[in-house]
Amino acid sequence: IMLKRHLTVDGYETMFAVNHLAPFLLTNLLRERLVSSAPARVITVSSHAHRSATHIPWDDLARGEPSYPLSKLANILFTVALATRLTGTGVVANCLHPGLIRTRLGREARGVTKLLVAAAKPFMGTVQTGAATPLYLATAPEAADVTGGYFVRGKQTEPSSLARDPDAAARLWALSEELVA
């Protein structure tokens, strides 16, 4: 999470580049290897915060103001599109919300935000709690055939309606291909 706008050397908003474009590019660079070594699993960490993204600013998506919820929405849309593209290959793709975990994530917080983060710490989960769902998706036999899902606490759940929009997933995929080319 970055509170101020920073751009990458390519001119992209850093949080969007790190949270979405980097996993998008890495997964696509590894795609042939994943398919040839199937069964395989692609697991993307999203966030419940994606629900705060109520629209997608397509014309300003990669260069606009930092938006953690929007980058996490992009993670889910990416997963949906990837799962569709990998159908029949033996590779599954899922994403998850790890929970509010006690990490250094809010280390840049200032003022009231810093106080809120400090007040929330006693209610945050441990790193082990946050790792439970990714480990489940990576290793559980019953998760081997599930693809395109969004998981919270080890259970598949519905993300926001915008995150389930197949047209938005396809449009984001095409835009992401252009941005990483």
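**Before you click**

This is a predicted model, in which local features need pLDDT of at least 70 and side-chain atom pairs count only at pLDDT 80 or more, while totals for chains, interfaces and linings use all residues. Numbering starts from 1 along each chain as its sequence is written, and side-chain values use heavy atoms, with hydrogens and water left out.

**Stop 1: helix H5**

Select residues 166-180, which is helix H5. Helices here are DSSP runs of H or I with at least four residues, strands are E runs of at least two, and both are numbered from the N terminus. H5 has 15 residues and reaches 21 Å from first C-alpha to last, close to the 21 Å expected at 1.5 Å a residue (the expected span is 1.5 Å times one less than the number of residues).

Now show side chains. Buried residues of H5 include Ala168, Ala169, Leu172 and Trp173. Buried means under 20% relative accessible area, exposed over 50%, and partly exposed in between, using a 1.4 Å probe and protein chains only. What covers the buried residues of H5? H1 and helix H2 (68-85) are among the elements that do.

**Stop 2: H1 across H5**

Axes are lines fitted to C-alpha atoms, for helices over the stretch in contact, and angles run from 0 to 180 degrees between N-to-C directions. H1 and H5 are therefore roughly perpendicular (65 to 115 degrees; under 35 is roughly parallel, over 145 roughly antiparallel, the rest oblique).

On the H1 side, the contact includes Phe16, His20 and Phe24; on the H5 side, Leu172, Trp173 and Ser176 are among the residues involved. Contact means heavy atoms within 4.5 Å. The contact residues split into eight nonpolar, three polar and two charged. Nonpolar covers Ala, Val, Leu, Ile, Met, Phe, Trp, Tyr, Cys and Pro; charged covers Asp, Glu, Lys and Arg; the others, Gly among them, are polar.

**Stop 3: H2 across H5**

Bring in H2. It packs against H5 at about 90°, with the axes 8 Å apart, which makes H2 roughly perpendicular to H5. Ala74, Leu77 and Phe78 are among the H2 residues in this contact, which meets Ala168, Ala169, Leu172 and Trp173 of H5. Here the count is 10 nonpolar, no polar and one charged.

Zoom in on Ala74 of H2. Ala74 is buried at 4% relative accessible area, and touches Phe16, His20 and Leu172, not counting residues up to four places away in sequence.

**Stop 4: Asn19**

Asn19 sits in H1. Is Asn19 buried or exposed? Asn19 is buried, with a relative accessible area of 16%. Leaving aside neighbours within four places in sequence, Asn19 contacts Tyr68, Ser71, Lys72 and Asn75.

**Stop 5**

Most residues other than glycine have a negative phi, and most peptide bonds are trans. Select Ala38 and Pro39: a cis peptide bond joins them, with omega about 10°. Pro39 lies in the loop between H1 and strand S1 (40-45).

Next, Arg153 is not a glycine, yet has a positive phi of about 50°. Look for Arg153 in the loop between strand S3 (150-152) and strand S4 (155-157), where Arg153 is exposed at 76%.

**Last stop: the salt bridge**

The structure holds one salt bridge, meaning a side-chain nitrogen of Lys or Arg within 4 Å of a carboxyl oxygen of Asp or Glu. Select Glu158 and Arg164, whose closest N and O atoms are 3.1 Å apart. Arg164 is partly exposed, at 41%.
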